[in-house]
Amino acid sequence: MSSQQAPDKQVPQQTVEAAAELLRQGRLVAFPTETVYGLGADASSEAALKRLYQVKGRPTDHPVIVHLADVSELSKWARTVPEAALSLARAFWPGPMTLILPRADHVLPQVTGGQDSVGLRIPSHPLARRLIETFGGGVAAPSANRFGRLSPTTAAAVAESLGDDVDMILDGGPCSVGIESTIISLLGEQPVVLRPGMLQVKDIESVLGCKVTLGPAKAQAEEVSAEVRVPGALPSHYAPHTSTAVTDAETLIELFAEGMAIGRSQGVLAFAPTIETMKTNFGSRFYTAMATEAFITAPADADEYARKLYDSLRQLDSLALHKILVEAVPHGAEWDGVRDRLARASAGH
Ligand code: TXA
Ligand code: MG
């Protein structure tokens, strides 16, 4: 890694130009988006994409999202741009939304995972926009983590995860959304949300004026690898190393008590009332049982929860605990994206 820069506007244009030049040379540049940090490569270069897959440690038949600077670029990457795509683009781009459209002929199979479709997104983070504009082409970028691990939401998390394998990291500060974009497939008769995010189904429906289904990524999670290649849909795609369970408050408190009785080190991510109950129930034993950093009060607001989610899990994961206990989030649709990532974080544990 050649350099790591100070946040955002402080990043001089000279640095952005150097980053764009690295992309042109087929090298990898990690950059902030409003959702998570991306590991960027020239989407038109086979060699760059090859390196991208190597560094990610990701199977080559999994598609990556192409990041664009402007809606006018859509038709360069998509064979057809349906009216629905333009409506969604007007409403939500730049922003945390990815559209799956039929691919244009020139789009490399390394981008599409060999499928006849391509994922496109115009991010809103100013530094991402500067990079893509300066580069002047499509930037293929999966989240800047190794395959199967937590997505990074800070430049430090990228550096920790990818080390010297990335040629430059642009530091744009912590990501404001915190979980990956909402992916909408416009390939079929009806739009389908393949991966929920902080852009909600009801907002998509109100723009399109039709029903939008959520799935099938989740339903197909177990059988996804062979047919529909959506790595974000693999059950444990966003997993911490530490065994992680998501349960309701009551069960969480029970599990915590059981763990404490056998001297287990445990981490907790729970809402304030649950943590208060634990303090009352366990008294001083509670405080001696856990280091304060193993014990995170979850924000009651879904947006704020999402913003902090990966950082919280990463923090707990770094403590080499026996177990991470996470309180299940509320049922409301505004929690769909967070609930989905928590389910994946705990899958296979
Ligand atoms: O917020 C985000 O989307 C971040 C930032 C960096 O933009 N990117 C991201 O990329 O999450 P990645 O590679 O970690 O996840 C991209 C998801 C994968 O699940 C991939 O399979 C899906 O997008 N995808 C990309 N192209 C697709 C296609 N043609 N058909 C179906 N799924 C596709
Ligand atoms: Mg990812």
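Helices here are DSSP runs of H or I with at least four residues, strands are runs of E with at least two, and both are numbered from the N terminus. This is a predicted model, in which local features need pLDDT of at least 70, side-chain atom pairs count only at pLDDT 80 or more, and totals for chains, interfaces and linings use all residues. Residues are numbered from 1 along each chain as its sequence is written, and side-chain values use heavy atoms, with hydrogens and water left out.

**Salt bridges in helices**

- The whole structure holds 17 salt bridges, each being a side-chain nitrogen of Lys or Arg within 4 Å of a carboxyl oxygen of Asp or Glu.
- E21 is partly exposed at 35% relative accessibility, and R24 is partly exposed at 41% (buried is under 20% relative accessible area, exposed is over 50%, and partly exposed is in between, with a 1.4 Å probe and protein chains only).
- E304 and K308 are four residues apart in helix α12, so about one helical turn separates them, and their side chains meet in a salt bridge of 3.4 Å, N to O.
- E304 is partly exposed at 31%, and K308 is partly exposed at 41%.

- D340 and R344 both lie in helix α13, four residues apart, and their closest N and O atoms are 2.6 Å apart in a salt bridge.
- D340 is buried at 2% relative accessibility, and R344 is buried at 5%.
- Salt bridges with shared partners join E180, D340, R341 and R344 into one network.
- S346 is also placed in helix α13 (residues 336-346), and S346 counts as buried at 16%.
- Apart from neighbours within four places in sequence, S346 is in contact with T244, A245 and V246, where contact means heavy atoms within 4.5 Å.

- The peptide bond from W93 to P94 is cis, with omega near -5°.
- P94 sits in the loop between α4 (83-92) and β4 (97-102).
- A320 has a positive phi of about 50° although it is not a glycine.
- A320 is found in the loop between α12 (302-317) and β14 (323-327), and A320 counts as exposed at 67% relative accessibility.

Key: Chains are lettered from A and ligands numbered from 1 in the order in which they are written.
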